[in-house]
Amino acid sequence: MPSHHIAPITPGQLDTLVQLEKQTFTETFNGTYTPEDLAAFLRDKKSREVLAEEMASPGALFFILWHQDAPAGFLKLNLHKQPDSDGPLPTPVMEVEKIYMLQQFQGLGLGKLLIEHSYRIAAENAITTIWLGVWEHNLKAIRFYQQQGFEKFGEHFFHIGNQVDTDWLMKKHL
């Protein structure tokens, strides 16, 4: 058996998703936001109730990447969701809303496995364009997406507590 695999998240794995969401967001953005803003965001956007609601949304698909027996990262896709700004993209379209890897598993090529999984899901659903938002100062992620063939097509604002950030909107035609 390979040392890693990607599987859809089941309702029984909701607590694992909550832990992954909180830990990966904190590892990625700790020091970027005030402790109060970060705590409020984690409470308001990464709670068990909020994530259960997201999992139940039509077109929302969640996956966990398992490395050996440990959850290493996760992926959230939204089928047929258009960007909230800069006009519609050619359809059919899919958003890669969340793609996060725990710090201890970064640098192993696992993020590439998650983005490639999104391409497979897109192909299974006849999606021709995928898009995502990435914080303008997350240069490591921007380089990764550019290497995958994504290009910037717009921007939108993302609120974390009292801080307002600019996300680049990036797309890739399949």
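**Note on a predicted model: salt bridges, sheet, pockets and backbone**

1. Start with one contact. Lys46 and Glu21 meet through their side chains in a salt bridge, at 2.6 Å from N to O. The pair links distant parts of the chain, 25 residues apart. Lys46 sits in the loop between helix 2 (35-45) and helix 3. Glu21 belongs to helix 1 (residues 14-29). The structure holds 10 salt bridges. Keep in mind that this is a predicted model.

2. One pairing can be followed in detail. Strand 4 pairs with strand 5 (residues 129-135) in the parallel sense. Three bridges make up this pairing. Across it, Glu95 stands opposite Trp131 in strand 5. As background, strands of a sheet pair through backbone hydrogen bonds, either parallel or antiparallel.

3. Now the largest pocket. Its volume is about 1,300 Å³. The lining counts 44 residues. Lys98, Ile99, Tyr100, Gly133 and Tyr145 lie nearest the centre of this pocket. Which strand gives the largest share of the lining? Strand 4 (residues 93-101) does, with seven residues. By class, 20 lining residues are nonpolar, 11 are polar and 13 are charged.

4. The second largest pocket holds about 150 Å³ of space. Its lining has 11 nonpolar residues, with no polar and no charged ones. Among them are Pro8, Ile9, Pro11 and Leu14. Ala52, Met55 and Ala56 also line this pocket, as do Ala60, Leu61, Phe62 and Phe63. Helix 3 (48-56) and strand 2 (60-67) each supply at least two lining residues. The largest share, four residues, comes from strand 2.

5. Two backbone details deserve a look. Most residues other than glycine have a negative phi, and most peptide bonds are trans. Where does the model hold a cis peptide bond? A cis bond joins Thr91 and Pro92, with omega at about -5 degrees. Pro92 is in the loop between strand 3 and strand 4.

6. The other detail concerns phi. Gln68 has a positive phi, near 60 degrees, and is a residue other than glycine. Gln68 is found in the loop between strand 2 and strand 3.

7. Strand 2 gives the largest share in the second largest pocket.

Terms used
Residues are numbered from 1 along each chain as its sequence is written. This is a predicted model: local features need pLDDT of at least 70, side-chain atom pairs count only at pLDDT 80 or more; totals for chains, interfaces and linings use all residues. Side-chain values use heavy atoms; hydrogens and water are left out. On a 1 Å grid over the protein atoms alone, a cavity is a set of points where a 1.4 Å probe fits but cannot get out, and a pocket is an open set with protein on both sides within 12 Å along at least five of seven lines; lining residues have an atom within 4 Å of a point. Grid points are joined across faces, edges and corners, and a volume is the space filled by probe spheres set on the points. Ala, Val, Leu, Ile, Met, Phe, Trp, Tyr, Cys and Pro count as nonpolar, Asp, Glu, Lys and Arg as charged, and the others, Gly among them, as polar. Two strands pair if DSSP finds at least two bridges between them. A salt bridge is a side-chain nitrogen of Lys or Arg within 4 Å of a carboxyl oxygen of Asp or Glu.
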